[in-house]
Amino acid sequence: MSSVDHLIRLLDEVLPREADAIDKNNQVSADLLQSLKSAGAFNSLSMRLSDLLKAVRFASKWSPAVAHIITTSAVVARRVKEDGRVYSLCITEPGGGTDIKANLKTIADERPGGEAYITGEKVFASNAIYATHFLVLAQGPSGPTLYLAEAGRGVKVERQELFTFRGAGVSRVVFEGAPAVRVGTPGKGIREALEAVNYERLSYGAIGLGIKDGSFEEVGPRALSKRIFGVELGDYQGIRWSIADIEARARALEALLDSAAARADVQGYVDPYDAAVAKVLGAELSQRATWLAMQVMGGAGFSNPRLERLARDARMLDIGAGAREVILDFIGEQAVKKYRGH
């Protein structure tokens, strides 16, 4: 059994019974976190990117939050080139998210050799309540730069109560002279942070597919055989066409993720255009799927905890890792450049 198959087996065994509690408590239990570690969830450098996305998709059928815990650690591990840790990615500040440069107030007091002391505040820091290490974007002597800090002295974490991705460890993190070491190129922190975020954006495509899978798993046995005016619901053309539309979009997204992961494994980085398109498609797919699933289930959908959770989590995909409008503007800009050249 491959490492990713071992991880998926654990997810299949644990998440159906744990997902509700994770969402309710806004936290993954210490036992589950340890089980994820033991199953290799935080050893992404030994996985092909396609295998990582496979695990992320599978986890998202039940808990996109757990999928995001795996994703975030993988994103940072690929930046710092060290596996086996639970990492937090700390970029966004209270003043705003998408315009990173204008809102960057966190300061790194850097010493010779790259050692530094970080002071500032981050919000929406994924994994922070679980993290042993924090990848932090801060203003260094040469401008925005990436630093790695350890949990402990000078690091205070306060879990945020969101209605989406509950359990993903999203937190406010305050650095008060926290010891750190420079791990990025001086002055190139924003570009390097976005290179890391491109892995996250690509994974949003896989999360979107997982949300679709989970939604349809609920609908299939519970609604499609139900008779309405003597006809099974799944035999109505309107239902079939609606499902067909989502399935076609899912197949296209699957193909994009496969090709993007293969390119990234060769190039050593995720193409930003692939990442942007995957994020947009994943968000659209998951929201269409949860809407349709709820509609087909009718009143029963309003009391289905899994559908309710997946519908809330689908909304994150349009905002996290860059607002949809900013991503669309980037895709459009690249397309205009391409076609102007012909």
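Student: Of the contacts between residues at least 6 apart in sequence, what share joins residues at least 24 apart?
Tutor: In this chain 76% of them do, where a contact means heavy atoms within 4.5 Å. This is a predicted model, in which local features need pLDDT of at least 70 and side-chain atom pairs count only at pLDDT 80 or more, while totals for chains, interfaces and linings use all residues. Residues are numbered from 1 along each chain as its sequence is written, and side-chain values use heavy atoms, with hydrogens and water left out.

Student: New topic: how many aromatic pairs turn up?
Tutor: The search of the whole structure finds 2, pairing rings of Phe, Tyr and Trp (its six-membered ring) whose centres lie within 6.5 Å; planes under 30 degrees apart count as stacked, over 60 as edge-to-face and the rest as tilted. Phe134 and Phe175 form an edge-to-face pair, at 6.1 Å centre to centre and 85 degrees between the planes.

Student: Which strands do Phe134 and Phe175 lie in?
Tutor: Phe134 lies in strand E4 (residues 133-140) and Phe175 in strand E7 (residues 171-182), so the pair ties together parts that are 41 residues apart in sequence. Strands are DSSP runs of E with at least two residues, helices runs of H or I with at least four, numbered from the N terminus. Both Phe134 and Phe175 are buried.

Student: What about Phe165 and Tyr204, how are their rings placed?
Tutor: Their centres are 6.5 Å apart and their planes at 70 degrees, so that pair is edge-to-face. Phe165 lies in the loop between strand E6 (155-159) and E7, whereas Tyr204 lies in helix H5 (residues 189-223). Phe165 is buried at 2% relative accessible area, and Tyr204 is buried at 1%.

Student: What is the phi of Phe165?
Tutor: It is near 50 degrees, a positive value in a residue other than glycine. Most residues other than glycine have a negative phi. Lys81, in the loop between helix H4 (64-80) and strand E1 (87-90), also has a positive phi, of about 65 degrees.

Student: Is Lys81 buried or exposed?
Tutor: Lys81 counts as exposed, at 61% relative accessibility.

Methods
Buried < 20%, exposed > 50% of the residue type's maximum accessible area, 1.4 Å probe, protein only.
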